[in-house]
Each structure stands twice: as structure tokens, then as C-alpha cells.
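Please open the structure in a viewer with selection by chain and residue number. The stops below are arranged so that each selection leads to the next.

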Amino acid sequence: MGKCIVVLLFLLLGGNVAAQSTVEKGRYLAAAGDCVACHTATNGRPFIGGRPFHTPFGTLYSTNITPDKETGIGNYTLEDFAAAMRRGEGAHGNLYPAMPYTSYYLIADEDIASLYTYFMRLPAVEHVVPNNDLFFPANLRFGLSFWDWAFFDKAPLVQPEGKSPEWQRGNYLVNALGHCGECHTPRNFAFAMKRDEKFAGNILEGWDAVDIRAESLRRQGWDRAQLRLLFTTGASERGTAFGEMFSVVKHSLSRLSDDDINAIITYLLDGDDNVAVNGGDSQLAAQQYAQGRADFVAYCAGCHGREGSGVTPVFAPPMDRNAGVRAESPFNMIAVILRGLPAQRMNRTNARAGMPGFHRELDDARVAGLVNFMRSAWGGAETPVTQEKVAEIRHQLRKDDYLGVVE
Amino acid sequence: MAKIPVSMIVNGEKVGPLEVAEYTSMLDFLHEYLNLTGTKLGCGIGVCHACTIVVEGEDGALEPVRSCINNVGRFNGKVVTTVEGQAELDAAGEVVALSPVQQAFLRNFSFQCGWCTAGFVNGATALIDRLKRDPAPADKVEEVIGEALGEHICRCTGYVRYFRAVREVIESTPGLLKEAE
């Protein structure tokens with residue numbers, strides 16, 4: 001009898017521990033998938049949805065994914081959950097591809113099960129999100145099955161032989177859970193990812209979700225150490241994460257294990273850590289772009305340092321060898337100068353001050369001069385930026401209402 | 001160190017041309033070259049806004065600018081006002097009348113140590129100027145003040161009284177508010 005009780009106790013405890021570890025695994029995977037970023041409104045309770053997404057087709061709202069039976073996903077079976085995650089098929093009809101099922105379809109069964117267990121154990125919150133406000137014909141959900149048929153490419157994850165297990169793990173994290181391509185891959189007219197330009201960069205919300213192909217990352221000066229800093233703290237010697245990427249670091253990347261961060265980096269750099277980070281020629285740049293240099297000294301050097309050396313990565317990162325300065329596309333440099341950056345807090349001990357935008361004070365020619373000076377002095381980019389290019393980006397940002405902020 | 005020629009109008013007086021080291025911050029320039037020490041250095045990294053001064057844009061609109069993170073070159077050829085230039089002075093340089101913002105801060109005991117005050121005076125003055133050009137809806141006063149001055153840090157925590165003072169000036173000056181939307 002006594003033995004029986006002990007055995008029973010072990011079984012119960014063991015079962016509970018297993019369930020608990022599945023929940024914890026699910027919590028970790030939910031962080032890796034960054035579910036909270038979209039399914040939470042500004043300052044809202046996590047996972048209850050209601051964050052608006054402004055698209056050319058109207059406004060979408062994320063859904064409540066707590067297990068409330070009326071307003072959340074409380075009635076979902078594991079199969080229902082898997083269908084929503086991997087095929088974009090919700091209980092109420094097809095999901096809009098703002099839900100990244102176009103990446104999540106690669107998530108393994110076991111991970112789907114852990115995620116399901118985690119979400120079903122969350123406190124159920126009764127919360128009705130606003131109705132989507134979409135134009136015809138995007139407001140008709142049955143059209144989405146056509147979209148899925150035309151654009152949802154369910155190709156299995158490419159797992160080349162000869163790559164290390166670490167690389168393969170990174171491959172899975174980046175492509176499936178991390179759904180990095182959803183922002184970093186250009187989209188076609190129907191907002192589907194262009195598979196043949198995977199990770200080539202995409203303009204989103206007035207920022208460039210940069211080209212993250214291995215070759216481009218190396219060109220921008222990213223090595224393992226700097227990428228690790230960026231992913232764990234949001235700031236590095238090569239610059240800071242801003243825009244939506246700040247939130248990705250805050251809610252997702254900074255919560256991943258060292259092993260997984262290493263795997264992601266190995267995959268992104270494709271195992272090649274040889275990054276030759278040569279600067280440009282600041283003497284020559286000063287001669288060539290005198291007004292640009294004068295403007296750097298007057299407007300930028302107060303925080304970004306005399307020779308573009310920066311103060312600290314979090315407060316004012318170096319411009320010398322900055323990834324944005326070294327990037328092929330000048331979009332983010334120009335956008336940051338015009339828009340500025342908001343003050344943001346990563347955690348209790350890591351906050352940044354924000355940067356004023358200069359769109360009211362610097363005209364297109366001066367912004368071009370400033371960008372060309374910096375690229376030439378510290379980036380080594382060959383092609384100068386024209387005044388017309390600045391005008392074009394300024395026009396786009398103004399049209400989309402990103403230039404309202406005063407210093 | 002390389003020097004640049006600097007000239008501008010500060011508190012109505014022409015300054016320069018002076019040869020100034022190019023990396024001199026505007027704050028240092030005011031202190032060391034013009035002996036205008038009313039502008040205070042707080043954090044030195046553009047966060048606390050104590051060092052805010054006012055610059056006139058090309059259209060005459062006043063803009064608050066932080067003098068600690070901007071070097072003197074940014075102000076070349078510009079029309080600048082510091083806290084010393086806010087009151088009305090007579091020919092002998094004596095104060096005849098404080099500005100409405102300054103009076104309201106005194107009336108409301110807005111500050112204690114006063115380190116942030118120059119920044120608040122200039123920030124609020126720029127806000128009043130903006131409202132003259134572009135009145136705010138009467139029911140949005142709180143948001144407008146918060147948005148314009150919310151970044152100014154006061155370690156004596158005079159916020160409520162600063163807020164009250166600015167609100168008083170806005171609501172008692174004709175033409176700064178329009179009907180609620």
C-alpha cells in the first residue's frame with residue numbers, strides 16, 4: 001500500500017513536472033516567435049490583441065490569443081491551433097497574412113504542441129478587439145483562399161547537407177519561429193514575400209528593414225560579437241536596433257538562450273566570421289564634402305563624437321563603421337536624420353535618449369552632403385547620394401506622416 | 001584645433017564674427033564667449049532639457065533647441081534667445097518687466113533650486129509662440145503642454161506647478177486656443 005502511494009505520488013509529480021516543462025518550453029517558443037509584439041496593443045495587456053496594422057488595404061487588428069472561450073482561442077483544439085499557425089485557417093475563416101503563417105508553417109509539430117499548451121494555460125481574458133476596417137475586396141475573407149493558392153508557397157525548409165547542427169538550428173529559428181523574412185524580404189503587389197529575393201530588405205513603416213543576406217551583413221561590418229550585442233542589448237558598436245526591430249530585440253531576441261543566439265548568428269553570417277571592417281578616408285571626405293562635414297560638426301558631433309566615435313552604443317553609437325553608414329542603401333541614414341529616433345526603454349538598466357529629427361532645418365542638398373560625408377569618411381560606400389534621392393525619401397516619409405515630430 | 005567664424009544675433013544683439021573652435025558646444029559658447037550663464041548644463045546628453053534655448057526659424061517661428069548637444073556652428077547666422085533675453089529691459093539693462101511665462105512661474109512657485117528653470121522658460125515661450133500661429137483646441141491644452149514640455153526634467157519635482165503656470169498663461173492669453181474639436 002505504502003509503495004503504491006509513493007509510486008502514485010511520483011507519477012503525479014512527474015506528470016506535473018513534464019507539463020510544467022512543456023509550458024515553459026511553450027513560453028520560450030512564444031518569445032522566439034515574438035507573438036506578444038503583434039498580439040498586444042500599446043500599453044495593453046499581453047496577448048489580448050487589438051494592435052492596429054495599417055496596410056494599403058485598410059486597417060487590421062490583431063486578435064485575442066488568450067484562452068477565453070468567447071473572445072479568444074479557448075475553443076481551439078490542438079488541430080485548430082495548428083491550422084491557424086501553419087495554414088492561416090482560423091475558426092472564423094482564413095487569416096490575413098499579417099499573421100505570419102507564411103513562415104510559421106515551418107514550425108515543427110512538437111513546438112506547435114508546446115505553444116498550444118502554453119497559450120491554453122494563460123489566464124483567459126475576455127476582450128473584444130475592434131473589427132478590421134478593410135476596403136473592398138480585401139474585406140472578403142474568402143478571397144484569402146485565392147491569395148493562399150496563388151502566393152502561399154509551402155516549400156519545406158531547405159536543410160543543406162554539410163552545415164553544422166548549429167547552422168541548422170539557426171535556419172529553423174530564423175525562418176520558422178523568428179519569421180525574419182516577413183519584414184526583411186521584399187513583397188510583391190499582393191504583399192506576398194518574393195521568395196527569390198529572400199532577406200534582401202524591405203521598406204516598412206518608414207524604415208528600411210535592412211538586407212540581412214550574409215554578404216550584406218558582412219559588408220555592413222557585422223561580426224559575431226557585434227550581432228550578439230545587438231540581439232541581446234539592442235545596441236552595438238555598429239549601431240542600434242530601432243523601429244520594429246527594437247521591439248523584436250526587447251520581446252524576443254533578448255529572451256533567447258546563448259545557444260540559440262549563436263545559432264541565429266551562425267546561420268545569418270553563414271558561418272563566415274571574416275569581416276574586414278575598413279573605415280573610409282575622413283580627410284578626403286572632409287575635402288570633398290566640406291558642407292557635409294561642417295554640418296556633422298554642428299548638428300551631430302555633440303553626441304556622435306568628434307571623429308564619429310560615438311559616446312556609448314546605447315546613448316549615441318559610433319558613426320565610424322556604423323552599419324547604417326556602411327549599408328548599400330542610404331535609406332535608413334536619411335530617414336534617421338529626417339525623422340530622428342524616439343527615446344526608448346529596453347529594461348530597467350538599458351534606456352536610450354532618442355535623437356532629434358532635422359527635417360525642418362536641413363534641406364535635401366545638405367542632408368545629401370551630410371550623408372555623403374559620413375559614408376565617404378566612415379562607410380566606404382562608393383556611390384554618392386543625390387539630392388533627388390533625399391527629396392524622394394523625404395516625400396515618401398511626409399506622405400506617410402512620419403515627419404511630424406519636432407525636436 | 002580648427003576654428004570657424006561665428007556670428008549670430010543673441011538676445012537682440014549682434015555677436016561676432018568670432019573665431020571659435022568648431023567643436024565648441026552652444027552652451028559653452030554662451031558661457032565662455034558671451035558670459036551668458038543663465039543657460040544651465042544639466043545632463044549634458046540632451047535628455048533633461050535644462051539647457052534649452054530658443055532659435056528663430058526662417059519663418060520667424062520660435063523653436064526650442066538643446067544647447068548642450070548642438071555645437072555652435074548650428075547657430076551661425078541665426079537669431080537666438082536665451083533666458084537673459086526673455087524679460088523686457090530698459091536702456092541701462094535693468095529689468096522692466098518679466099515675460100508672462102516668467103511671471104507665471106514666480107506666481108505659482110514653480111521652481112525651487114532653479115536649475116531647470118531657464119529651460120522651462122524657453123520651452124514654454126516657444127510653445128506660446130507656436131500656439132499664436134497655430135491655436136490648439138481648448139480641450140487639448142493638457143496634451144499640448146505635456147507634449148511640448150513633458151521631456152523637461154525637474155529634480156525638485158515642480159512639474160505640477162510648472163504645468164499650472166503654463167496652463168494659466170495659455171488660458172489667459174487671447175488667441176492661443178480655439179474651440180474644442
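This is a predicted model: local features need pLDDT of at least 70, side-chain atom pairs count only at pLDDT 80 or more; totals for chains, interfaces and linings use all residues.

Residues are numbered from 1 along each chain as its sequence is written, and chains are lettered from A and ligands numbered from 1 in the order in which they are written.

**Stop 1: chain B**

Five helices and nine strands make up its secondary structure; helices (H or I, at least four residues) and strands (E, at least two) are DSSP runs, numbered from the N terminus. Read from the N terminus, the order of elements is β-β-α-β-β-β-β-β-α-α-β-α-α-β. The radius of gyration of chain B is 17 Å, close to the 16 Å from the globule rule for 181 residues, so chain B is as compact as a globular protein of that length. That radius is taken over C-alpha atoms, and the rule is 2.2 Å times the number of residues to the power 0.38. Along the principal axes, the C-alpha atoms of chain B fill a box of roughly 55 × 35 × 35 Å.

**Stop 2: helices H2 and H3 of chain B**

Next, select residues 100–107 (H2) and 117–133 (H3) of chain B, which pack at an angle of about 130 degrees with their axes 9 Å apart. Axes are lines fitted to C-alpha atoms, for helices over the stretch in contact, and angles run from 0 to 180 degrees between N-to-C directions. H2(B) and H3(B) are therefore oblique to each other (under 35 degrees is roughly parallel, over 145 roughly antiparallel, 65 to 115 roughly perpendicular and the rest oblique).

Show side chains here: B:Val101, B:Gln102 and B:Phe105 of H2(B) meet B:Thr117, B:Val121, B:Ala124, B:Thr125 and B:Ile128 of H3(B). Contact requires C-beta atoms, placed from the backbone, within 7 Å. Five of the contact residues are nonpolar, three polar and none charged (Ala, Val, Leu, Ile, Met, Phe, Trp, Tyr, Cys and Pro are nonpolar, Asp, Glu, Lys and Arg charged, and the others, Gly among them, polar).

**Stop 3: where the chains meet**

Display both chains. The contact involves 14 residues of chain B and 11 residues of chain A. On the side of chain B, six are nonpolar, five polar and three charged.

**Stop 4: domains of chain A**

Finally, colour chain A by domain: 21–156 is domain 1, 165–275 domain 2 and 282–399 domain 3, with bounds from an automatic or database domain assignment. The C-alpha centres of domains 2 and 3 of chain A lie 22 Å apart.

Notes. Two residues are in contact if their C-beta atoms, placed from the backbone, lie within 7 Å.
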